[in-house]
Every structure is written in C-alpha cells, then in structure tokens.
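Biologist: Please take a close look at one part of this model for me, and start with the chain that it belongs to. I would like one connected account.

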Amino acid sequence: MIKDYFTLAFGSVRHRGLRSWLTMLGVFIGIAAVVSLISMGQGLKTAVTGQFGALSVDKLTIQNKGTAFGPPGSTVVEKLNDGDVRIITEARGVDKVVTRLIRVVNLEYNKVAEFTYMGDIPNTQEGANLVYTSLNVGAKEGRLLKPDDSGKVLLGNNFENNQNFGKKVQVGKTIKLNGKDFEIVGILEKSSSLQINGVALTTTKDLEDLLNIKNEYDLIIAQVTDQNEIESVAADIENRLRKARNEKVGEESFSVQTPIEALGSVTTILDIVNIVVVGIAMISLLVGGIGIANTMYTSVIERRKQIGVMKAVGARNKDILHIFD
Amino acid sequence: MGPSGSGKSTAMNLTGSLDLATKGDIFLSNENIEDMTESELAQLRGKKIGLIFQQFNLIPNLTAKENIMLPMLFQGISKDERERKAKELLKLVELTDREEHYPNQLSGGQQQRVAIARSLANDPEIILADEPTGNLDSKTGKKVMEFLKKLNEKDRTIIIVTHDPNLAREYAKTIYSLRDGVIESVERKTKNSWKKIREEKNKKGG
C-alpha cells in the first residue's frame with residue numbers, strides 16, 4: 001500500500017519536472033550557502049589567528065611605543081637597549097630573554113631589487129632555539145641558521161616561488177642584502193603567518209653589521225618560567241622599566257604585551273565578522289525557507305481539485321497526506 | 001430534473017455525502033453520516049457510491065487505467081486485483097486501447113467513459129451523475145447515456161441530475177422534478193406514458 005502512495009507521489013514529482021528540479025536546486029544552493037558561509041567565517045578566524053601563531057602563550061613581548069606609526073622624524077624613537085634587557089632579565093619569573101631586530105632592507109637577486117622584512121637569529125644556541133620555536137617552522141630546503149654562521153641567509157617560503165626575480169631562488173645561490181653578498185643556506189616551510197613567509201633571516205651579528213647598529217633592539221621577548229604567572233611577570237617588568245625610566249603610570253614609553261592581549265582585540269573583531277556572516281546566512285536560510293514553504297503551498301493549492309476528487313472516490317485524509325509527504 | 005438554482009446539485013451533493021446537511025439527517029447504509037468523521041465518510045462513500053461529474057474530474061497526471069484503479073487503492077485492494085478490475089472496466093466502456101493514455105490525450109466523451117469506469121470500480125450500490133452530458137456534444141452525450149442505460153439494465157441504481165427534460169424522458173424510469181429546493185412532482189414511466197404518482201403544491205420540504 002505505502003509503495004503505491006510513493007508511486008503516486010513520485011509520479012506527481014515527475015509530472016512537474018522542471019519545478020521539482022528548481023526547488024531541489026534552490027534547497028541545495030540554500031543549504032550550501034549557509035554551510036559555506038559559516039565555515040568561511042570559521043576559516044577566516046583560524047587564518048587570522050594563525051598569523052599570531054608565533055606568539056606562544058609563555059612569552060611576553062616588550063617594545064617601545066611609537067616605533068611603527070607617526071609623522072617622519074617621530075618614528076626615530078629611542079630603541080630598546082642592553083640596559084632594558086638587563087632590567088627585564090632581573091624581573092621575577094623571567095626565564096630567558098631574547099632580543100629581536102625587525103627591519104626592512106633592500107634585497108637584490110638576479111639584478112632585481114625588492115624590499116623585504118629582515119629578522120635576526122640570536123648568536124646563542126639557546127636564543128636561536130627560542131626564535132625557531134616561536135617561528136614554528138622548519139627548513140624545507142637546505143638547513144636552518146646556526147648561531148655561528150656568517151654571511152648566510154635563511155629565507156621565508158614565499159621566496160621559493162617568487163616570479164619577480166626571473167630566476168628561481170635556490171639554496172646555495174647568492175643574494176644581495178643592502179648591497180652585501182649573502183649565501184642562501186635554507187628556505188623555510190610554509191607558515192600560517194604571512195610575515196614569516198616573507199622574511200629574510202640572518203644572525204644578529206650579521207644584521208647589526210649590515211645595518212651598522214649596536215646595542216639597539218626592536219623587540220625583547222621574555223619567556224616566563226610559569227605561564228600561569230605571566231600577568232604578574234608582565235606587571236613586574238612594567239614596574240621595573242617605569243622606575244628605570246622615571247615614568248608615571250599611564251605615561252609609559254614602552255609596552256609589555258601578553259599573548260592574550262595581542263590576540264584579544266583580533267578575536268573580538270573576528271567574532272563580530274562571524275556574527276555578521278552568520279546573520280547573512282540566517283537571512284538566506286529564512287528566504288530559502290519561505291521559498292520552500294511557498295512552493296509547497298502552491299503545489300497543494302493547485303491540487304486542491306485533485307484532492308477533492310480523491311476524497312470523492314474514497315481517500316481518507318491519511319491517504320492524501322501520504323501522497324503529499 | 002429541474003431548472004438551474006432548483007437545488008439539483010445540492011440534492012446530489014447531500015446524497016453523495018460530499019456535503020453535510022445543515023438540518024435533518026441523512027442515512028447511508030443505515031448509518032447517519034452526521035455521526036461519522038470525514039475519513040470514515042470518505043471510505044464509505046468510496047465503497048457505496050460511484051460519482052460522475054460534469055467536469056469529468058479525472059486526475060491529470062494519471063493514465064486512464066490508473067484513474068480507474070485509484071478508488072480501489074483507497075479501499076486497500078491488492079495491485080493485481082486492481083489491474084484486473086481496471087482492464088475489465090476499460091473493456092466495458094470500450095476503451096481498452098486507451099488504457100495508457102492521459103486524460104488530456106482523450107476526447108471529452110472518452111474521458112467521461114473513463115469516469116464512468118472509475119465510478120464502477122468498487123461495485124457501488126448507487127451511481128450519482130451530475131449533468132454527465134453537460135460538457136459533451138449531443139452525439140457523444142448520447143453515447144455516454146447509452147452506457148449508463150446499459151448499466152441500469154444490469155440492475156444498477158443510477159441517479160442522474162439534469163436540466164434537460166428530453167434527456168430525462170428518454171432515459172429515466174422515474175423523474176423527480178425540483179423547483180426552488182422542493183420536489184414538485186414525481187413521475188414514473190409506464191408502458192407508453194408518464195404517470196404522476198405524487199404532486200406537491202406550495203408545500204415546503206426537502
């Protein structure tokens with residue numbers, strides 16, 4: 001019996017072939033849109049937070065304010081120096097301290113010049129390990145830099161497929177950094193962070209010589225002994241630096257950033273984006289739903305007469321429902 | 001028989017249990033239809049009454065054979081039995097070669113014959129036909145009426161509603177004339193003439 005009702009129902013679906021397909025297509029696209037919008041939102045969040053993957057949960061980043069933005073002249077601020085490093089090392093709960101230089105240099109290969117970010121690998125094995133851990137990538141080709149390397153450069157993954165040079169960037173070749181020759185020792189694996197993919201790394205000594213600087217740092221990274229104590233360690237470092245620089249609370253010329261702070265603002269923005277995306281998905285779901293309801297309603301309305309006839313020849317309400325199910 | 005607005009179709013719908021009376025009781029097989037649920041009524045109607053409409057009312061997306069099988073489906077008859085009965089009925093209405101045709105591929109007369117076959121599917125006690133020839137030209141109408149007459153001769157009760165006195169006098173055995181919702185007269189056919197067996201005058205009733 002049930003089989004016969006199915007035959008009847010499918011007969012009707014076939015009878016209205018085009019409409020049936022369009023409805024199915026509509027439902028399908030609607031669901032696909034919702035699913036993809038939501039997963040795109042999630043993907044966006046993962047991708048953006050991935051950019052901050054280098055920030056491990058047990059590391060504090062100390063930097064002087066105003067190094068990035070501001071009118072010309074004002075960007076030439078006081079850099080962090082060895083004195084700061086000493087103060088931070090003395091702070092309670094600090095395990096290791098690593099200084100970082102991040103600069104933009106002119107990179108030349110096959111007579112094509114480009115500007116690129118440069119970072120340094122500390123000249124101690126301990127410091128180098130800390131940086132490599134925070135980069136979270138290994139060498140795809142060649143090898144990583146050793147602390148005692150000289151005249152060697154390690155490149156981010158983007159250089160491997162960079163077409164701008166007109167010649168493939170390979171391990172063993174020589175590139176010019178600010179006019180000086182460096183040998184490529186390795187190319188990094190692809191990282192989720194765009195900055196890491198585009199960076200050129202040399203040892204701290206090489207980079208200081210190249211830029212002709214000494215006792216000057218852009219970032220100090222402090223690893224704490226206990227990551228649960230990170231907030232109080234940050235407070236302690238702030239106190240000590242404030243005291244050393246003779247600054248009042250709220251007027252600091254430096255900032256101590258915890259990983260949570262760094263992620264916090266971004267996550268908030270992403271959550272808003274996500275809500276908007278889900279909102280759009282909900283609207284399209286609603287529109288789709290109304291569309292389906294409308295199709296069902298019309299197909300019942302236009303078959304009112306048929307239903308009447310079926311009832312006249314003995315169909316119970318149950319039978320009619322079976323056919324329309 | 002009666003002019004338009006005389007209550008023919010209402011009488012028909014009440015007899016066929018398609019409508020429920022606002023006043024009074026209607027008994028079908030000794031059961032008061034007022035006391036039955038819609039679905040129970042539909043079941044009983046499907047079994048006891050065969051309906052033929054002016055508009056044929058075949059299901060457009062079912063073939064002639066499937067249309068005839070439909071009333072039997074709702075009575076829970078097996079598929080083989082339905083097929084067999086449908087073929088038998090198609091033969092009766094002389095449409096064996098049209099069994100796989102859809103209603104829109106059939107002429108009006110053919111559609112009405114399919115409808116007649118459908119009304120017979122469950123061997124009903126009564127066949128109700130509301131203006132069965134109303135949508136047909138006189139020639140095909142005549143053919144349809146011949147079929148109904150043949151059925152009547154096989155001892156099947158047929159109630160036909162019409163506004164056409166000629167049709168009524170030609171085929172009917174008893175004529176109930178309605179006017180303004182009241183039975184005006186009842187005539188029965190004798191050998192050569194029509195004999196009035198009852199006449200109501202200015203009496204209200206239903």
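**From the fold of chain A to its contact side**

Modeller: In chain A, 78% of the contacts with a separation of 6 or more are between residues 24 or more positions apart; two residues are in contact if their C-beta atoms, placed from the backbone, lie within 7 Å. This is a predicted model, in which local features need pLDDT of at least 70, side-chain atom pairs count only at pLDDT 80 or more, and totals for chains, interfaces and linings use all residues. Residues are numbered from 1 along each chain as its sequence is written, while chains are lettered from A and ligands numbered from 1 in the order in which they are written.

Chain A has ten helices and eleven strands; helices (H or I, at least four residues) and strands (E, at least two) are DSSP runs, numbered from the N terminus. Of its 325 residues, 23% count as buried. A residue is buried if 20 or more other C-beta atoms lie within 10 Å of its own, exposed if 12 or fewer, and partly exposed in between, with C-beta atoms placed from the backbone.

A:A200 is an example from strand β9 (residues 199-203) of chain A. A:A200 counts as buried because 20 other C-beta atoms lie within 10 Å. Apart from neighbours within four places in sequence, A:A200 is in contact with A:L107, A:T116, A:M118, A:V153, A:L155 and A:L177. One of these, A:T116, is 84 residues away along the chain, yet the two C-alpha atoms are separated by 7.2 Å.

Now the part for the close look. The contact between the chains takes 17 residues from chain A and 20 residues from chain B. On the side of chain A that touches chain B, the elements giving two or more residues are α1 (2-15), α9 (304-312) and α10 (317-324) of chain A. α9(A) gives the most, with five residues. By type, this side of chain A divides into six nonpolar, six polar and five charged residues; Ala, Val, Leu, Ile, Met, Phe, Trp, Tyr, Cys and Pro count as nonpolar, Asp, Glu, Lys and Arg as charged, and the others, Gly among them, as polar.

Within α9(A), the buried residues are A:V309, A:M310, A:K311 and A:A312. Just after α9(A) comes A:G314, with a positive phi of about 110°.

As for confidence, the predictor gives the complex an ipTM of 0.77 and a pTM of 0.53.
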